[in-house]
Amino acid sequence: MKIYEAAELLRKNKISPPELAKEVLGKIAEKEKDVKAYITICDDILEKAREAERNKNDSLLWGIPVAVKDNICTKGLRTTAASRMLEEFVPPYDATVVKRLKEEGAIIIGKTNMDEFGMGSDSKQSAFQMTVNPVNYAYVPGGSSGGSGAAVKSGMALGALGTDTGGSVRQPASFCGVYALKPTWSLVSRFGLIAFSSSLDCIGPMANSVKDLAIMTDAIAGWDKKDATSSKREKEEYYKNLTPSVKGLRIGVPKPFLVEADESIRKAVIKAAEKLKEMGAEVSECEIPSAKYAVSAYYIISSSEASGNLARYDGVKYGYRAKEYDDYTDMCIKSRSEAFGSEVKRRIILGTYALSRGGELYRRAVGARELIKRDFEKLFEKYDVILTPTSPCVVPKVNAVSEIEKKYEKDVCTASVSLAGLPAVNVPFDKDENGMPIGLQLVGNRFTEQMLLNAALSFEEGGCGDV
Amino acid sequence: MYEACIGLEIHVELDTKTKAFCSCSVAFGSEPNTNVCPVCMGLPGALPVLNKKAVEYAVMLGLAMGCKINPRSQHARKNYFYPDLPKGYQISQDAVPICVKGFVDMGGGIRINRIHIEEDAGKLVHGGVETLIDYNRAGVPLLEIVTEPDMRSAEEAKAFLDYIKNTLLSLGISKCRMQEGNLRCDVNVSVRKKGEDRLNERCEIKNVNSFSGAVRSIEYEIKRQTELLCKGEAVLRETRKWDDEKRQSILLRKKEEENDYRYFPEPDLPPVEVDEAWLKEIKEKMPELFYEKALRFRKDYGLGDYEAKTIAENKDAAELLDDAVKEDADAGLCAKLILGDISRLVNEKGTRVPFSGHSLAELSGLLKRKEISYTAAGKILELMFESGEEPSVIARENNLLQQSDEDALIKVVMKVIEENEKSVSDYKKGKKNALGFLVGRCMRETGGSGNPHIINEMLTKILEVEE
């Protein structure tokens, strides 16, 4: 069920919040044992639904069951970032986005699985469990917000919050066949988001329709005094101003992102371009010369920031502490060695190295980031929207093994957008040879979320999203 | 034949109400870990928000030290592990500090390299087998002042430290309490042959906890390095720790063991923008500096160099003087009282001046009109420190007013003239100092309360007429 549909039923008293919650709990009883989307499922969902029933409001999120990725802090509810390090961490505060969802009357179902601290693209880097793709359990759900994507796709939540540092809401949305928005960096407050790479981290909604994305974005976006980097620009009303439109839009399709893509993905993008032309858009090929630096720059910058952001987990104040140790240094080393997974350690080592001895590597990556930003700026002089595959590769199987560098390379389409801080949506568009979803990425200039949502809605209403 | 090149790094704890990046109190001496919150404890997801007051104070100090104020400065993370550092990094400034390139006109001129804003760490409390951590101090705003190696002796360094302290006190931006760690400094010393331009390798001396400690450590270090050079040995770049009890420094770490702090721009904080309008507002708010005060005291009050400087350097004293002069008191008389009996009493009693400029004006008025003697003024001040009573009341109640009424004094004067014929005739013969003897007699007759000046005038008048 979609959020806007459920909201309509709730408003007309055709269903009550507890009844809706029961429906979702039924789906969880049916599917969660296989999908394993949740690290924590709340034990008071029905009580919260009854409480919502007593406190009716006008919000379209009133009484709507939603899931929250487990790296977003929830007051009194365990928040682990899928790491042994925070296995027992219960935050004394709500993230601003969670606070805002609660104020709207949404009901938090639980905390979804992910790659540890958001570092990964298949949700296999979780310290606790492996989530599978609800479309076909033999495939990965993508990551790092794989639990959120799987929960939404399987109806175990009507909508979910994910987080995106280099593609982590867009790619799992693409793999699971759901919609997702990665907002402009600074549009949504990061307060309460367990930091991976602060200059890239974004919280974004994942849902089964574009309208649902708009409803959730309306709730979570906007300035927050607790996040000094959050934008002070006036709040928009995405849902209210939502209207399917691509007519007259100038759309660029960057060649570099197609050349390296899998055959079925390339075909899907070409098909989408044709579809857009049919709907009245102008479509042409374009170049992003700096795209070749995107993956390296992304991994160096995000790992550098992560090496700092994860330094607070030293076993002193909270989180995991090794059982036996000699002194502070020993405790710190043992706690971190025992509680961090291998991918997290890899990134900390990479980031520490990149920042060492004057930080030459880090500085070169920042230089590349500037080039990428400039390339996009130039593109937006000529285009309104950039169309790319969300992932250049088809959804891999759960048991597929791939080399680290190959795995990192697959982030090219999404990571470049993250480095430039731009907004992007994932639109489910087609199926690959295995019957798994293929997603399109629509990228806009800073703060053009409304235009992107409108364009995505054209696809959805054109019947493209039903994969 | 050798000369020292001394540079200082001074850390100043600012006297703001709240911490640098959260709204916790900076109060000293609270119960351990009571002035803390998720931000200053470095909890996952918590974000820093810069205290505007700290920026204002930094700009004030920058202006006072003749610095250029960067319109856009940037915070940076200084990464290292230590149990008192909650986040595993200190938020500081690196490449673009808020104030740069200042100059202080002392000795041969002391250049200020930079002043930047950073946060303090917590405090380790060692007790028995355990070490506990108090995070109350974590996040307290600090300014770090870095000078060029422009001081040539320990005395010059001491004078500069005094200058900084006086500047901070007159700006009212730090309490400057050494015992509470409000002012801490690291010393950099190198020694070279006189006449050489190039700087030799320097040693940094940490743990200098007082100004006198700074002087001793510099003297020690100059001697140590000079001896090495005389023996033909090289001074190696190293960090040393000062032990003020043993009066010696010990090797802490060699150059190759120095921390690599892996600085990078703090992504959680936007650049600090100080635009023209804000700069103007801060300039207008800036209190008069001690050297500006000294100049005014000389020019407007006609005080001598020493008087002006000494009073200007003491905020209480300067305020007292200004307040008294506002009530038309004689500035010179007030200055004399402040530097004399008032300073003595402040030192003896260990308190601040317990009365206002109004009272001082009244006291100086009594003196000026010769209603009391200097000796009586001292006695009155002593009683003012005890009771806080107004000077005229004290003078009256304690019979300290001088007898100036000629009608009352005439009897005494006539009596003394009659009883001291010899002195009278001596005077008339031209022995002018006989007059002093007669005045003394009159004073004895009045029990000390006669106004010697009036008596003198009366005697002269009578004796001249009798001739």
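User: What should I know about the numbering and the values before I start?
Analyst: Residues are numbered from 1 along each chain as its sequence is written, and chains are lettered from A in the order in which they are written. In this predicted model local features need pLDDT of at least 70 and side-chain atom pairs count only at pLDDT 80 or more, while totals for chains, interfaces and linings use all residues, and side-chain values use heavy atoms, with hydrogens and water left out.

User: How do you know that chain A and chain B are in contact?
Analyst: Contact means heavy atoms within 4.5 Å, and by that rule 36 residues of chain A are in contact with 30 residues of chain B.

User: What is the area buried between chain A and chain B?
Analyst: Buried area is the accessible area, taken with a 1.4 Å probe, that two parts lose on being put together, summed over both. For chain A and chain B this comes to about 2,500 Å², and carbon and sulfur atoms give 63% of it.

User: Why is the pair A:Arg190 and B:Asp268 called a salt bridge?
Analyst: The term requires a side-chain nitrogen of Lys or Arg within 4 Å of a carboxyl oxygen of Asp or Glu. The closest N and O atoms of A:Arg190 and B:Asp268 are 3.0 Å apart, so the pair meets the rule, and one salt bridge is found across the interface of chain A and chain B.

User: What makes up the domains of chain B?
Analyst: Chain B is divided into domain 1 (2–278), domain 2 (290–397) and domain 3 (406–466), with bounds that come from an automatic or database domain assignment. The C-alpha centres of domain 1 and domain 2 of chain B lie 37 Å apart, and their contact takes seven residues from domain 1 and four residues from domain 2.

User: How much area do domain 1 and domain 2 of chain B bury between them, and which residues of domain 1 lose the most?
Analyst: Domain 1 and domain 2 of chain B bury about 500 Å² between them, 54% of it on carbon and sulfur atoms. In domain 1, B:Tyr163, B:Asn166 and B:Ser170 lose the most area to domain 2, together 71% of what that side buries.

User: How many salt bridges does the rule find between domain 1 and domain 2 of chain B?
Analyst: Across the interface of these two domains of chain B, the rule finds zero salt bridges.
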